[in-house]
Amino acid sequence: MCGKSKANHHHSSRTLVSRKWTLFLCLASFCSGMLFTNRMWTIPEHKDMARSRSIEAQELKLVSRGCDLKTNELNFSSKDIFGKVFNTHNAIHTLDKSISNLEMELAATKAVQESIQSSSPLSQDSKQTDTTGRRKYLMVIGINTAFSSRKRRDSVRATWMPQGEKRKKLEEEKGIIIRFAIGHSATPGGILDRAIEAEDKKHGDFLRLDHVEGYLELSAKTKIYFVTAFSLWDADFYVKVDDDVHVNIGTLGETLARHRSKPRVYIGCMKSGPVLSQRGVRYHEPEHWKFGEGGNKYFRHATGQLYAISNDLGAYISMNQHVLHKYANEDVSLGSWVIGLNVEHIDDRRLCCGTPPDCEWKAQAGNICVASFDWSCSGICRSADRIKEVHRRCGEGAGKRFNSCKPQNLFLFEEIHKD
């Protein structure tokens, strides 16, 4: 009994010990498991979060860079667009100039063909020809004159306008045509027309226009002159001058030759006078209301005593003669015909010098005037009596007398006026 009791006590103590160790081992295992679990999962989770934050930061940076790139692309695109627009504008402007030049050439060719078809007289000199076979001239000078201006014409012939063989030589060798431009009377074939025919038979220096003469019709006469001159002669320039103005031909030729290569040239002494609305005054403008309020001035245009236009402008006037508006004053009319075109206005004050002593002082200084007249008379006052004196003191020969160095334009003067 006693032995059995001892045996049972020994067995229970072993069971108790094993339970304690079992509980300890469980706790130890649990702690080990917790420690293992933290090392295996907590730390890697922290690294993944850091990596993901790094990736997010990189993505944000890329997005930010993308925005910057888009902004830069937008800025670049804007600059590129402006550049393309500017280049396109230049290309259109160049194309417009080319079209304008082609239109001028087409008008010139058309006018020549019409002249040939209508059997208009052409020069027989073929030393210099263009594509149409016509002689090429430097300039055509049309001297505006009237039936009552016989004395003025004779004074011009006696001074700056060569006569006979000298004029013919001027045409053939220098390409300069000079004619008195005049129309016909209200009664064709009357005494006035017969007088001009007799004068022309003697001198052969008239250009007859299909125009009824009259002071109030100067704008129409100017237009018809350019149309007629363009149809008869293919010249680089067409000049209009009044018969009471002194002209140095050599200086005029030299002046125009400097602009020979330019398209659409309008040369003269440019002015902008007042628009006169009051009736009865000289140079009254019936259409003054078109120029705005009272007291306004005209657009810039060449004064009427002498001006020149280039060949392509002659073609333009010839082609559009029926739609070109005529104002009361012929110089204003011409200015209006070219004001809306791509034309170079050349203001040369040598084309409007005063009579002596003004032109004489300039000749002494070697700066010979192209044209001389009195502003107060819109020409040389009493020109039939005074133009010889103006020619003596202000002609191209005066420059030779006063200067030891011969001016360049005197070559023409010497050849024209030598005996």
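Biologist: Numbering the bonded cysteines in sequence order, what is the pairing?
Modeller: The pairing is 1-2, 3-5, 4-8, 6-7, where a disulfide is a pair of cysteine sulfur atoms within 2.5 Å. This is a predicted model, in which local features need pLDDT of at least 70, side-chain atom pairs count only at pLDDT 80 or more, and totals for chains, interfaces and linings use all residues. Residues are numbered from 1 along each chain as its sequence is written, and side-chain values use heavy atoms, with hydrogens and water left out.

Biologist: Which cysteine does cysteine 359 join?
Modeller: Cysteine 359 is joined to cysteine 394, S to S 1.8 Å. Cysteine 359 lies in helix H9 and cysteine 394 in helix H10, so the pair ties together parts that are 35 residues apart in sequence. Helices (H or I, at least four residues) and strands (E, at least two) are DSSP runs, numbered from the N terminus.

Biologist: Is that disulfide left-handed or right-handed?
Modeller: The torsion about its S-S bond is about 60 degrees, so the disulfide of cysteine 359 and cysteine 394 is right-handed.

Biologist: And the link of cysteine 353 and cysteine 369, left-handed or right-handed?
Modeller: That link is left-handed, with -90 degrees about the S-S bond.

Biologist: Turning to H10, which residues are buried?
Modeller: Ser383, Ile387, Val390, His391 and Cys394 are buried; buried means under 20% relative accessible area, exposed over 50%, and partly exposed in between (1.4 Å probe, protein chains only).

Biologist: Which exposed residues does the face turned away from the buried side of H10 carry?
Modeller: That face of H10 carries Asp385 and Lys388.
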